[in-house]
Amino acid sequence: MADFPSSLVSSRNLRRILPWLVIVAAAVVLPVVLPPFRLNLLGRFLSLGIVALGIDLIWGYTGMLSLGQGIFFALGGYALGMYLQLDTLEPGQLPEFFGLYGVKSLPAFWQPFNSPVFTFFAIWVIPALVAGLLGYLVFRNRIKGVYFSILTQAALLVFFNFFNGQQKLINGTNGLKTDTAHIFGVLVGSDGMQRNLFWVTVLLVIGAWFLCRWLTTGRFGDALVAIRDDEPRLRFTGYNPTAYKTVVFAVAGGLAGISGALYTVQSGIVSPQFMAVPFSIEMVIWVAVGGRGTLIGAILGALLINFAKSLISEQLPETWLFIQGGLFLLVVTALPDGLVGWWRQGGPGRLIAMVGLPQRSLTYPALDLDPEVQAEQSQFDAQGSESQGSKGGAQ
Amino acid sequence: MNLLELRGVSVSFDGFLALNDLNLQLAPGELRAVIGPNGAGKTTFLDVITGKVKPTKGDVFFRGKSLVGQSEHRISRLGIGRKFQTPRVYQNLSPRRNLELAVRGPHSPFDLLFSPLSSEQRDRVQHLLGVVGLESHAGQQAGGLSHGQKQWLEIAMLVAQDPELLLVDEPVAGLTDEETERTGELLRQLAGDHTVLVIEHDMDFIRDLQAPVTVLHEGHVLCEGSMEQVQNDPRVIEVYLGSETQEAP
Amino acid sequence: MDLLYETLFNGLAIGSVLVLAALGLAVVFGLMGVINMAHGELMMLGAYTTFVVQNIFKAVVPEVLFPIYILVAIPLAFVVSGLVGLLLEKTVIRRLYGRPLETLLATWGVSLILQQFVRSVSSAFALGLLVTVVGGLLIPRLTPKSWWQQRWTPILGSGSWIGSGLVGIVVASVLGQQRVFDQPWFSARNIDVTAPTWLRGSIDVGAVNMPTARLFIIALTAVALIGVTWFLQKSVWGIRIRAVTQNRSMSNCLGIPTEKVDALTFLIGSGLAGVAGVAVTLLGSVGPNLGGNYIVDCFMVVVLGGVGKLAGTVLAALGIGVLSYLIGSGSLLLVWPAMPAGLNELITFFATTSMAKVLVFALIVVFLQVRPAGLFPQKGRMVEA
């Protein structure tokens, strides 16, 4: 067993490395190739992939459907937006909008956002803490399922109303503009800065993906799945699901905050619209279309749907709501595991089988699915035989 | 001292008394069978011990400490494990991962994230997979196992927890004769080191356990004794067969 | 003292709209466990039905009869929303029983479609849609039977719908060339329903001024409540509905047609949304976004009230209504002028309609810490299966 045939090793490694090569190549090439407007869109949608990862974590793995991720998304955006508002000011000056409402001194909660270090942490710690607290209050009482969804939606509305109504504190419905601000002396809205932000986004998406992967692959991830499938059972095994749910909801909140901050600087504004009720449900559908319970699906879903949305809204704005509504229906009734799940379960093969060629199978299907045969087969594979048995499709 | 003691426990659901002044003691190391006709309150009885249902009246003591008002996971950590009537395994996890979740050890989120399983825990999981004959299925999703395999997996999970007190609800429902026999053997082996309480409908199985029997009826202990004594008790015959019939079962 | 009564009356009026809006939701959620996110849009359909009825009365019916158009609109709104709800149940929700989160997402999708439908519908659009539906339904009948037992049948099935959809789009865009057909029926603008004169005045009781429109809504709510309660408690179908709620498989064994019961329950819940929509038109102009303004409040009513008891829904809705009005209108300060300064400032901070919602929802979350299952929780061993 010591020496594998070298061809096999390289082909396997290649398969593992190839996606990363593609990603790195894309990250280097795209900023050069794409016009700034498209690159900016891509960067924005990628940053939405991070909030989608968080939703996948809590919904796809843990079974809690939050309709209020917009809260944490917007909190992250506001944290960065407030910093950028203050950063460009001369000492003693106030952000412009305060003048409109007759506010003479900076409200106390703005003060810490003078500090870049504080802001750096505030972007993800504040949303995580708010999520943790909200989650704890709900989970502690064993409120779950649709009740949890409804309460998160109500919380979202509360935050929306609050931010929308407080002109004197946070500029209300107008939000905070960021594209005229400077980071390290560079205009945020400039093309060069946007390119840098694109790379930052790519790095953070990859980082978030690794974080989620680490959380979901080990025993912790097993516990999350166990909570989703049979929470009371887990309790009787000595686990406290409240702790797990609070932790994972806080992580998702933190991810949403990072996502919101990245989205804010790339779209040039943060406003209460980030907390609009439909937007938070839209986030869920990105994950559903991509494939819940698969991390890559969350990112792909966010990219795919948002690109579709921007294309369709440019061409035929009236039809977008029909298409979006149809997507909700389609994914729930026909594609419960999303595109990635469908792909992994051999969906394309089944589609081909429908029009003609039967699926390839090395042996009798029943034999192919037998675990003992599979165990033997994998041993056989490990010894180096070239085999391409289609093991997908096993439920 | 008794390991487990229920004192005058009553549970009322909207006026319906599922348990009615129930008293029961279990000594350490004992193997006890509990039988009773449908609706006798057997499952509620387990619910009260494991903290799922709060008693309306009365108290439950485990090693002399009251369990009432404690949450399920705390009670479980005190050393009380439970197997459910219909097998409840985590369908989307493999048997190995089911057992790795159940295996005794710290259970906080941070433990699961930062401390991997010790080699002893790993060995224990591997050993148990062998005991219940699921080695070749160890990597497959548990949802695809047969009913009997799920029953056994759940028993293995219970053993993996290594609780002092095992509450086993209908362990042999839906098993073949051979499997039933092996389950009985396993439970008898566990008794001694552990205290085992078995709820079962299968009278032959209980007879083979050779354990003292407690008969529940309408939420109340009807009588206790060996299987022989219980079977000949006229009250038991009455609740099982109705008052008209006088024949022994 | 009069001020207090007036405040209470206004709170009650707001609360009764909430009762009416949440009633249908409570029926569907309490009895079937289905979360219907499109409930608000069913209300919107009720409101638009009222608008259409009003226009028909204006155009065709003798003017003497105009004052009663609202009474005609109520049953019609019930029927329209109820039928749309029935269609929704038969096509979507039926497939999703026992999967509440999926139902939630699917009905949200339906709500988006309904909103956009009302905005875009024109004669061309409606005819195109008709062509699509007729085509999709007819293709299986007009093609050889053997085609529908093949490997590729699923592709044929979806293909025939996509095909007829395309034909529908072509029809709609060709017709859309004519100005007559392209004119949207409602467009995205808000619509105004003119209340008949008898609903525009007010009655003075003591020193309290009670607008008749509000009195009418309160009366309508009361009638709807009594109707629903009577139906569920006394009528044969009501008893069947409750039986299915309590034990579906047993009901099935006893010969209760559970599918019909589901459909009926959903129809009634949706119809009640339509009636609520009629009431809403009396409060001001309405638009395609009407649903969004009510849906979260309605769900909070259901969560606060507890599932399964209408009394909980009523109490929760009235409570939320009165409290929101008290805080939002700032009349708490008028009623209680001697309030301590700190509290005074706090209340002033929340004294707008949207900020009042912030406070009320926060209070609900606090309340749920004490009573997680709401005011009237379901009891018994069935609760946590």
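A residue counts as exposed when its relative accessible area is over 50%, and as buried when that value is under 20%. The legends below describe close-up views of a predicted model.

Figure 1. Over all chains of the predicted model, the count of disulfides is 0.

**Figure 2. The fold of chain A.** Chain A contains 17 helices and 4 strands. Of the 395 residues in chain A, 50% are buried. When contacts in chain A between residues at least 6 apart in sequence are considered, 78% of them join residues at least 24 apart.

**Figure 3. The interface between chain A and chain C.** On the side of chain A, 46 residues are in contact with 44 residues of chain C. The two chains bury about 4,100 Å² between them, and 77% of this area lies on carbon and sulfur atoms. The count of residue pairs in polar contact between chain A and chain C, with both residues at pLDDT 80 or more, is 7. Two or more residues each are given to the side of chain A that touches chain C by α5 (116-140), α6 (146-165), α9 (219-236), α11 (277-290), α13 (320-333) and α15 (347-355) of chain A. The element that gives the most is α6(A), with 11 residues. By residue type, the side of chain A that touches chain C divides into 29 nonpolar, 12 polar and 5 charged residues.

**Figure 4. A salt bridge between chain A and chain C.** The count of salt bridges between these two chains is 1. The side chains of Arg292(A) and Glu102(C) form a salt bridge, with a distance of 3.0 Å from N to O.

Figure 5. Gln69(A) is buried, because its relative accessibility of 0% is under 20%. The side chain of Gln69(A) is joined to that of Ser66(A) by a polar contact of 2.8 Å. When residues up to four places away in sequence are not counted, Gln69(A) touches several others, among them Val51(A), Ile55(A), Ile58(A) and Phe249(A). The residues touched by Gln69(A) also include Ala252(A), Gly253(A), Ala256(A), Ser280(A) and Met283(A).

**Figure 6. His73(B) and its contacts with chain A.** His73(B) is located in helix α2 (residues 72-79) of chain B. With a relative accessibility of 6%, His73(B) counts as buried. Apart from neighbours within four places in sequence, His73(B) is in contact with Arg235(A), Gly238(A), Tyr239(A) and Asn240(A). His73(B) and His107(B) are 34 residues apart in sequence, and their C-alpha atoms are 9.7 Å apart in space.

**Figure 7. Helix α3 of chain B and the elements that pack against its buried residues.** This helix, residues 95-102 of chain B, is mostly covered, with 6 of its 8 residues buried. The buried residues of α3(B) are Pro95(B), Asn98(B), Leu99(B), Glu100(B), Leu101(B) and Ala102(B). In chain B, the buried residues of α3(B) pack against α4 (109-114), α5 (119-131) and α6 (147-161). The buried residues of α3(B) also pack against α9 of chain A.

Note on methods
Residues are numbered from 1 along each chain as its sequence is written. Chains are lettered from A and ligands numbered from 1 in the order in which they are written. This is a predicted model: local features need pLDDT of at least 70, side-chain atom pairs count only at pLDDT 80 or more; totals for chains, interfaces and linings use all residues. Side-chain values use heavy atoms; hydrogens and water are left out. Contact means heavy atoms within 4.5 Å. Buried area is the accessible area (1.4 Å probe) that two parts lose on being put together, summed over both. A salt bridge is a side-chain nitrogen of Lys or Arg within 4 Å of a carboxyl oxygen of Asp or Glu. A polar contact is a pair of N or O atoms within 3.5 Å; within protein, one must be able to donate a hydrogen and the other to accept it, and residues adjacent in sequence count only if both atoms are side-chain atoms. Ala, Val, Leu, Ile, Met, Phe, Trp, Tyr, Cys and Pro count as nonpolar, Asp, Glu, Lys and Arg as charged, and the others, Gly among them, as polar. A disulfide is a pair of cysteine sulfur atoms within 2.5 Å. Buried means under 20% relative accessible area, exposed over 50%, partly exposed in between (1.4 Å probe, protein chains only).
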